[in-house]
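Please look at the chain shown below and follow it slowly, keeping the sequence beside the model as you read. The paragraphs that follow go from single pairs of residues to the whole chain.

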Amino acid sequence: MLHIKGYLWILYFILGVYVFLLLLELLHFVYKRIRLYIRLKKTGAEILGLHPLWLFFSRSRKADFLLRGKSGITYAVRFVENWRRGTEYAVPTADQWYYARYILLPSVNGNAARHPIHLGFKRKINGMDFRWWMKQENIEAIPLWLCYPRPFRVVDRLYDPATEQNKVPEYELVTDSRVDGIRLVDGSTVIGMLMRETPEF
């Protein structure tokens, strides 16, 4: 009986550590989103949230907020839903997003680098392509996906769960990449776009 109680306490401890780490991830996410909002306000940009909790939650197939910078250009922005670090996205098309989780373990030789363990892709809920909604609402704006906080990485690949082990060729999407006409940006890039006084071409 004592052995069973001992195992239960070990299980409780592991679950407690897991919940604690999840809470840390969530607090980090909230902190980063609030920090982004403050940075956007400092640029003097006009910000229009399109639903009450736009800073923390995204709606399927719709933008989260509109931005207008010094150049007068309007951007329709949808957050890339990433509240857990160590997430990788595969984006073959604008409305086909897949995600994978990485466990980032300390390096064996003790240096600062962390060794990622890939846990495999799962199908993400469709709804990242919000351009049809923009047309319905007559919103004239440049569509953006905003990664903030940034995920582990985003790759462009032809993804098929049946052939995942075949090492499908891929390349990492860098900041300001485009997928089917939608720009993928991070916080620093969107701040720079808002600060420009002349329109981009």
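Which residue in E7 does Phe 79 stand opposite? In this predicted model, the residue that faces Phe 79 is Leu 146 in E7. The two strands involved are E3, which covers residues 74-79, and E7, which covers residues 142-147, and they pair in the parallel sense over five bridges. Elsewhere along E7, Ile 142 is the bridge partner of Tyr 75.

Strand E7 also pairs with E11, to which it is joined by four bridges, and these two strands run parallel as well. Here the bridge partner of Trp 145 is Leu 184, a residue of E11. Five of the six residues of E7 are buried, so this strand is largely enclosed by the rest of the structure.

With these pairs in mind, the sheet can be traced from one side to the other. It is an open sheet of six strands in the order E1-E2-E3-E7-E11-E10, and its pairing is mixed. Strand E1 (46-49) and strand E10 (177-179) stand at the edges with a single partner strand each, so one side of each of them is left without a neighbour in the sheet. On average, and ignoring direction, neighbouring strands of this sheet are turned by 30° against each other. Helix H3, made of residues 187-195, lies across strand E2 (65-68), E3, E7 and strand E11 (182-186), and the helix runs at about 110° to E11.

In the loop between E7 and strand E8 (153-157) lies Pro 149, and the peptide bond that joins Tyr 148 and Pro 149 is cis, with omega about 0°.

Helix H1, residues 2-42, is the place of Phe 13, which is exposed with a relative accessible area of 59%. Phe 13 belongs to a nonpolar patch on the surface, whose members also include Tyr 7, Ile 10, Phe 20 and Leu 27, and the patch as a whole has about 960 Å² of accessible area.

Finally, consider the chain as a whole. Its secondary structure comes to three helices and eleven strands, which follow one another along the sequence in the pattern α-β-β-β-β-β-β-α-β-β-β-β-β-α. Of the 201 residues, 39% count as buried, while the chain exposes about 12,500 Å², of which carbon and sulfur atoms supply 61%. Among the contacts with a separation of 6 or more, 56% are between residues 24 or more positions apart.

Definitions and conventions: Residues numbered from 1 in each chain as written. Predicted model: local features only at pLDDT ≥ 70, side-chain atom pairs only at ≥ 80, totals over all residues. Heavy atoms only, no water. Pairing = 2+ DSSP bridges. Axes fitted to C-alpha atoms, helices over the stretch in contact; angles between N-to-C directions. Contact = heavy atoms within 4.5 Å. Patch = residues over 30% accessible without salt bridge, like charges linked within 9 Å, V, L, I, M, F, W, Y side chains within 5 Å. Areas by Shrake-Rupley, 256 points an atom, 1.4 Å probe, with all protein chains shown as cover. Salt bridge = Lys/Arg side-chain N within 4 Å of Asp/Glu carboxyl O. Buried < 20%, exposed > 50% of the residue type's maximum accessible area, 1.4 Å probe, protein only.
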